[in-house]
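Work through the two exercises below. Try each task before you read its solution.

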Amino acid sequence: MLLEEEKFFNLSRLLGQFGELKRKNHFGGFCLLVDNAIVGLVLDGKYYLRGCLVARSHFEASGLNRLVYSKKGIPLEMRYYQLSEQIWGDEVLCLQYIELAYRSAIEELKQKQSITMRIKDLSNMNMSVERALGKIGISHVDDLRTMGAKACFIKLKQHGRHDPSIKLLIGLAAAIEGCHSAVLPKNTKQELITWYNSFELASRWLPNINQRKLIAGYLKTRQY
């Protein structure tokens with residue numbers, strides 16, 4: 001369920017003043033991004049501003065309700081704050097809140113980008129995966145993103161000690177997208193499953209020399 005059409009139109013218009021507006025599936029709803037920074041979340045017909053850095057303390061001081069998301073029956077407080085009807089009714093005030101969320105999100109994004117992130121710190125990744133990738137020459141996050149999930153999977157299959165699983169393939173793709181594998185779009189996940197099944201079937205039945213040709217062809221793939 002989305003926001004009322006009029007509210008969503010106004011929201012898009014206001015956010016569009018700050019840069020290119022994009023949508024990204026998240027938590028059963030979708031995030032709204034401006035200049036690749038997450039500014040808010042639309043979920044169950046309600047809009048939440050993302051509260052980070054100075055925006056968070058301001059939103060809490062203003063008494064905005066915080067999003068509580070249930071995961072496996074466990075309530076989790078998220079860094080998203082619901083816009084009240086009073087704020088919706090005052091466009092100048094609404095724009096001030098949105099701008100505060102945007103400025104804070106951009107600043108947080110800049111801070112994160114200034115820190116050298118390790119592969120193990122990405123969603124779905126851990127020290128074991130980082131070590132395995134390091135053994136095939138993928139030691140940095142940029143290497144992973146440049147290579148792509150499929151090519152990383154194939155190199156792991158070629159040189160790794162254990163056969164990589166479909167779960168790892170999906171985890172790599174989600175890590176590159178910057179999200180948990182549980183919220184990776186269904187069409188993307190299905191495409192990866194189809195690719196995995198076809199690759200596994202082909203590599204199982206082809207002779208070794210043809211397997212090498214198959215793998216060389218797949219390594220040219222850079223999607224996901």
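Two exercises follow, both on a predicted model.

**Exercise 1.** Find how the axes of helix H7 and helix H8 are oriented to each other, and which residues meet.

*Solution.* 
1. Locate the helices. H7 covers residues 149-159, and H8 covers residues 166-177.
2. Take the axes. They come within 9 Å and cross at roughly 140 degrees.
3. Classify the angle. Only angles over 145 degrees count as roughly antiparallel, and 65 to 115 as roughly perpendicular. H7 and H8 are therefore oblique to each other.
4. The crossing of H7 past H8 is right-handed.
5. List the contact. H7 brings Ala149, Lys150, Cys152, Phe153 and Leu156. H8 brings Leu168, Leu169, Leu172, Ala173 and Ile176.
6. Sort by class. The contact has nine nonpolar residues, one charged residue and no polar ones.

**Exercise 2.** Describe the largest pocket: what is its space, and what lines the pocket?

*Solution.* 
1. Start with the space. The largest pocket holds about 1,400 Å³.
2. Turn to the lining. It consists of 40 residues. Nearest the centre lie Lys24, Leu109, Arg145, Glu177 and Gly178.
3. Trace the elements. Those supplying at least two lining residues each include strand E1 (21-26), helix H6 (141-147) and H8. Helix H4 (91-114) gives the largest share, five residues.
4. Sort by class. The lining has 20 nonpolar, 10 polar and 10 charged residues.

Methods. Residues numbered from 1 in each chain as written. Predicted model: local features only at pLDDT ≥ 70, side-chain atom pairs only at ≥ 80, totals over all residues. Heavy atoms only, no water. Axes fitted to C-alpha atoms, helices over the stretch in contact; angles between N-to-C directions. Helix = DSSP H or I, 4+ residues; strand = E, 2+ residues; numbered from the N terminus. Parallel < 35°, antiparallel > 145°, perpendicular 65-115°, else oblique. Left-handed = near helix turned anticlockwise from the far one by under 90°. Contact = heavy atoms within 4.5 Å. Nonpolar A, V, L, I, M, F, W, Y, C, P; charged D, E, K, R; others polar. 1 Å grid on protein atoms, 1.4 Å probe; cavity = no way out; pocket = protein on both sides within 12 Å on 5 of 7 lines; lining within 4 Å. Points joined across faces, edges and corners; volume = space filled by probe spheres on them.
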